[in-house]
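Dear colleague,

I am passing on the structure below, and would be glad if you could look through it alongside the notes that come after it.

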Amino acid sequence: MLRQVFGFDGFRPGQEEVISAVLAGEDVLAVMPTGSGKSLCYQLPTLVRSGLTVVVSPLIALMRDQVGQLRALGVEAASLNSANDIHENARVCQALRERRLRLLYAAPERLVRQETIGLLRQAGAALLAIDEAHCVSQWGHDFRPEYLALGGVRSALGGLQTLALTATADAPTRGDITLKLFQAAPRTFVRSFDRPNLRLAMQPKANSRRQVEDFVAIHRGLSGIVYCASRKRTKTLAALLRGAGHRALSYHAGMEQAARSQSQDIFLQEDGVVIAATVAFGMGIDKPDVRFVCHADLPQSIEAYYQEIGRAGRDGLPADTLTLYGLDDMRLRRSQIEESDAPEERKRIERSRFSALVALCEAPRCRRQTLLGYFGEMAAQCGTCDLCEGGAETFDGTIEAQKAMSAVLRTGERFGTEHLVRLLTGADDEALRRWGHDALPTFGVGGDRGADDWRSIFRQLYAAGLISLEIIDHGRWRVTDAGRRVLRGEEQIHLRKDTLRPRAKRRGRSPAAAAAGLPGPSDGVLLTALKALRLELARAQGQPAFVVFGDRTLLEMANLKPTTSAQLREVYGVGQAKLDRYGEAFLDVVRRHLAAG
Ligand code: ADP
Ligand code: ZN
């Protein structure tokens, strides 16, 4: 079925376990990173078994794309939502009553209606698939109250088998999902969060426009997203990139609805468009061939960062990311947290999330290790991040580390960064006097450095695992076993100088560009022709290009140059329905290319 309908050779990691559990009739919670192929986990079982699968999804745009893709594969799918006209919805209801549909996509607020529930009973619903299941949790940043009613929908349908899917990993969210969507704990699978095809890099802002421009330049002709902190910046950067000869558009929530969907559609449907956008862009964009993501400004949190860069390379091919961060970004974020009127509990969580993000920016070692460590995973050095590639300048910071950690220990491991920084720099401070800390031997031993340096040192010690943070009161540092070894002089620690050395520009094509087969000397001509045909077919159907075929499929075609449908059948992403529909047209292009020599 995988080969026949989807045209895939094998499962992606994690899919097979989840699919087996679903086929065995179990309730399942699957936590899998973006791009790991969650949709297949309910689509394939639906086709293998009989009955209807109801897919709950929060976003209409996303439903539309998925339905389009399924229909292109020859699968009876439809969506029921407020964007359809009455006739369309009536047709869908009719198809449901006649049990003709295999997958129905619906927004949660639609599902909870009594008439929908009745309809689903009639339609023989066999599986409830809840996408973006973390939306049920108040802890997350995507909380949607409508999701809370889904547990009730499940019961109303007689405890229908349920598969909840999400890319948000942390334990509190997982607990919340189980509590609110299931009666008993479901079978839970948590896939590694690693996305080895994403190259990770971060740089302090020096001249950020220039940095963005250089980064986009090495990916000329590829699709990419440049995330900006403000609406104004989306416009400035889009204009800058247009000036440099890129096809660049801007996107933010303040734009007219029509202009917004236009930008989004162009980005989805055409090749090689760069979109400068606020984070309003991307929820529900599952374009598989985004080749790069650049954060022109510091993202909100590690979760947000990972979700945003995760929009690149969903097809599994190499994709490139770059995040720029500046002191101003950090100050702004810190003051937003402090000045908000959120309850103290919430602020504390926000503060520690923010420190973790800063620690990632300033990580002294492999970024992927630091990142996955944040999600509770151990990982080897990746070799494909800027730090593994040798981008950071470090110095022997053992003495600094010892000073900072003895400040932590001498104050009883009860204080946070700000108090300790004042202690180390020997500040004239009331709190220090009150605690008698101005009499400690550590008082003022760090006077040779400024407060910002010391803050950075604390973050780096945290990133290196020498100190750990307890999030009570204002956050208190503790020295870990690894930290004690450094304190006793048994081990050394290298710290980063606060700014990276301006690195030599990467020359030539980026790995992402190479993977996408861009102006490659040999097969470039054929690839361009194949893409032109794809665009023509997609336009004719008013669908995004990737609904016809993904980049990876065209790349393989350009390399394998199939001339018969049997050969074409072997290409990634070519299933029976697409072969019937598009096979001849693409084969024609290949044959003509070969004939032209
Ligand atoms: P997620 O929802 O986990 O972010 P999707 O379900 O949107 O991921 O899948 C991402 C991409 O991976 C899609 O283009 C999909 O067609 C592709 N994909 C899914 N499963 C496989 C597989 N087994 N082999 C190859 N490609 C796959
Ligand atoms: Zn690395």
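This is a predicted model: local features need pLDDT of at least 70, side-chain atom pairs count only at pLDDT 80 or more; totals for chains, interfaces and linings use all residues.

Residues are numbered from 1 along each chain as its sequence is written, chains are lettered from A and ligands numbered from 1 in the order in which they are written, and side-chain values use heavy atoms, with hydrogens and water left out.

The protein chain is divided into domain 1 (2–190), domain 2 (198–390), domain 3 (394–496) and domain 4 (519–595), with bounds that come from an automatic or database domain assignment. Between the C-alpha centres of domain 2 and domain 3 there are 31 Å. In this pair, 16 residues of domain 2 are in contact (heavy atoms within 4.5 Å) with 13 residues of domain 3. About 1,300 Å² is buried between the two domains, 55% of it from carbon and sulfur atoms, where buried area is the accessible area (1.4 Å probe) that two parts lose on being put together, summed over both. On the side of domain 2, Arg348, Glu362 and Pro364 lose the most area to domain 3, and together they make up 41% of what that side buries.

Across the interface of domain 2 and domain 3 the rule finds zero salt bridges, a salt bridge being a side-chain nitrogen of Lys or Arg within 4 Å of a carboxyl oxygen of Asp or Glu. Helix 14 (327–339) and helix 15 (344–361) each supply at least two residues of the side of domain 2 that touches domain 3, and helix 15 gives the most, with six residues; helices here are DSSP runs of H or I with at least four residues, strands are runs of E with at least two, and both are numbered from the N terminus.

Ligand 1 is surrounded by 16 residues (a heavy atom within 4 Å), the closest being Gly10, Gly35, Ser39, Arg314 and Tyr572. An N or O atom in the side chain of Arg314 lies 2.4 Å from an oxygen atom of ligand 1.

In the whole structure, a search finds 36 salt bridges. One of them joins Arg187 and Glu26, whose closest N and O atoms are 2.9 Å apart. Arg187 lies in strand 7 (residues 187–190) and Glu26 in the loop between helix 2 (15–23) and strand 1 (28–31), so the pair ties together parts that are 161 residues apart in sequence.

With best wishes

Note on methods
A polar contact is a pair of N or O atoms within 3.5 Å; within protein, one must be able to donate a hydrogen and the other to accept it, and residues adjacent in sequence count only if both atoms are side-chain atoms.
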